[in-house]
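Thanks for coming, everyone. Please take a moment with the sequence and the model, and then I will walk you through them.

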Amino acid sequence: MPRAYLVWLSGALASLAGDSVLYFALGWAASAHGGAVAGIVLTAIVLPRVALLLVGGAIGDRLGARRVMIAGDAVMIAVSVLLAALAHRLGAEPWLLIGAGVAVGCVDAFYLPASGSMPRRLVGKEQLPRALALRQVGAQVVTVGGGPLGGVLVGVAGLAGAALVDAVTFVVVLAVLIVVRPRQDVPAAPAGKHVLREAADGVRVGLGDAVLRPGLLLVGAAAGFLLPVVPLLLPLLARDRGWGVGVAGLVVSAQGAGMIAITLGVARRGPLGRPGTLAACGLTVAGSGVLALAVAPAGGAALAAGLVIGLGNGLFASHIGPLIATVAPESHLSRIQALLVLAQSLPLLVMNNALGSLADLAGTTLTVVVCATAVTGTGLLALLSRPLRTAHAVTGPA
């Protein structure tokens with residue numbers, strides 16, 4: 001890996017750790033005001049992000065990802081410090097939590113597409129699968145540790161302390177971005193072209209490409225039917241079958257271990273084959289794991305099912321991401337990343353509520369079976385797409 005990429009990745013993971021701490025702190029503080037306020041705070045983060053993502057991607061391609069990220073880091077430093085000061089003086093008032101959520105969601109809409117395009121800008125195409133796998137491994141480790149770290153910080157220093165820690169991580173990544181410069185410049189946007197037209201052009205390119213279109217649809221299906229299984233349906237299933245919180249935690253760990261094992265292999269050796277085919281196969285493997293979880297009679301079988309889900313999810317994520325990033329035109333890197341984040345966010349926003357309601361009405365087991373069928377069926381259907389099935393992650397010189 002190029003030194004510039006490793007330096008940037010270190011800063012990005014530090015920022016992710018700070019975000020994990022702040023998100024935990026916001027959720028914990030909001031829960032003290034009841035479930036309705038907690039839901040509003042989470043929605044205040046997600047809705048602005050979803051609403052502005054396409055515009056954020058267009059701005060990233062017009063101004064350059066590095067400039068957008070530097071501006072976003074500067075804004076988040078100010079937001080975090082202000083949140084810490086107000087929380088220390090006034091306490092975690094609902095209006096303050098909602099306002100912080102809106103600010104975070106707005107910045108995310110511009111920051112995430114730019115950040116997602118940085119690996120393509122810092123490494124050659126032949127190194128992109130390994131670079132993204134390394135990033136996924138780091139993100140998994142940070143996400144697992146972010147919750148406990150957030151709990152400790154909130155217990156010791158409250159919301160104000162968590163916000164200050166987040167501000168420090170943004171200072172770190174801001175310093176990194178000032179030093180690190182992408183090895184390739186982004187073609188300038190046509191003069192006078194409206195940003196909404198540029199955003200629409202990103203949608204046109206993403207949905208018009210024979211590889212990007214099925215790839216984005218796969219991501220959406222995985223976000224809607226695979227991602228909610230472990231955080232949403234597993235606790236319900238564990239309660240129904242009397243497994244206890246300990247077994248549920250072990251299943252979560254097994255799923256994470258399966259993902260990390262696959263992504264570490266890709267980070268070390270590179271892609272394991274044709275990425276579109278392997279991504280589709282990964283969904284079928286994950287779907288079989290979800291089905292095994294639905295029929296698991298005891299905790300041991302559930303643990304094995306969690307491992308299979310993680311292996312399939314890791315196989316999917318570590319190949320579909322590099323494929324989409326490689327196929328994306330250099331003039332549309334941030335806009336395609338915006339579409340990718342949107343393909344993950346919108347289905348998750350809808351299906352978390354839909355699957356939770358279905359579990360209440362028809363039972364958790366049936367709901368998990370529905371997810372297993374949808375995930376497996378999507379993977380099998382994806383194998384019928386010849387452009388996706390035969391695509392290579394490396395399509396040309398770096």
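How far apart are the mean positions of the positive and negative charges of the protein? They are 9 Å apart, with 25 positive and 14 negative charges. Lys and Arg count as positive, Asp and Glu as negative, while His and the chain ends are not counted. The place of a charge is NZ of Lys, CZ of Arg, CG of Asp or CD of Glu.

Some ground rules. This is a predicted model, where local features need pLDDT of at least 70, side-chain atom pairs count only at pLDDT 80 or more, and totals for chains, interfaces and linings use all residues. Residues are numbered from 1 along each chain as its sequence is written, and side-chain values use heavy atoms, with hydrogens and water left out.

Now the overall build. The protein has 14 helices and zero strands. Helices (H or I, at least four residues) and strands (E, at least two) are DSSP runs, numbered from the N terminus. The radius of gyration is 21 Å, close to the 21 Å that the globule rule gives for 398 residues, so the protein is as compact as a globular protein of that length. That radius is taken over C-alpha atoms, and the rule is 2.2 Å times the number of residues to the power 0.38. The C-alpha trace spans about 60 × 60 × 35 Å along its principal axes.

Of the 398 residues, 51% count as buried. Buried means under 20% relative accessible area, exposed means over 50%, and partly exposed is in between (1.4 Å probe, protein chains only). The accessible surface comes to about 16600 Å², and 69% of that belongs to carbon and sulfur atoms. Accessible areas come from the Shrake-Rupley method with a 1.4 Å probe, and for residues only the protein chains shown count as cover.

What about contacts, meaning heavy atoms within 4.5 Å? Take the contacts with a separation of 6 or more: 88% of them come from residues 24 or more positions apart.

On to the cores. A nonpolar core is a set of buried Ala, Val, Leu, Ile, Met, Phe, Trp, Tyr and Cys residues joined through side-chain atoms within 4.5 Å. The largest one has 55 residues, and W8, L26, L83 and L159 have the most contacts inside it. Helices α1 (3-31), α2 (35-63), α3 (65-90), α4 (94-122), α5 (128-179) and α6 (195-208) each give two or more residues to this core. Which element gives the largest share? That is α5, with 15 residues.

Zoom in on L83. Leaving aside neighbours within four places in sequence, L83 is in contact with L22, L26, L96, A100, L159 and A163. There is also a second, separate core of 49 residues, and V230, L233, A238 and L293 are among them.

Helix α8 (residues 229-241) deserves a look. Its buried residues include V230, L233, L237 and A238. Here is a general point: an α-helix has 3.6 residues a turn, so residues three or four places apart point the same way. The buried residues of α8 pack against α7 (212-225), α9 (244-269), α10, α12 (333-362) and α13 (364-382). After α8 comes G242, with a positive phi near 70°.

Buried or partly exposed: which is V285? V285 is partly exposed, at 31% relative accessible area. T284 counts as buried, at 18%. Their contacts, again not counting residues up to four places away in sequence, are as follows. V285 touches V308 and G312. T284 touches T376, G379 and L380.

Back to α5, for V176. V176 is buried, with a relative accessible area of 14%. V176 touches V7, W8 and G11, not counting residues up to four places away in sequence. V176 and A4 are 172 residues apart in sequence, and their C-alpha atoms are 9.4 Å apart.

Last stop, α3. V81 is found there, and V81 is partly exposed at 41% relative accessible area. R67 is exposed, at 59%. How far is R67 from A359 in space? The two are 45 Å apart, C-alpha to C-alpha, and 292 residues apart in sequence.

That is my tour. Over to you.

How values were computed:
Contact means heavy atoms within 4.5 Å.
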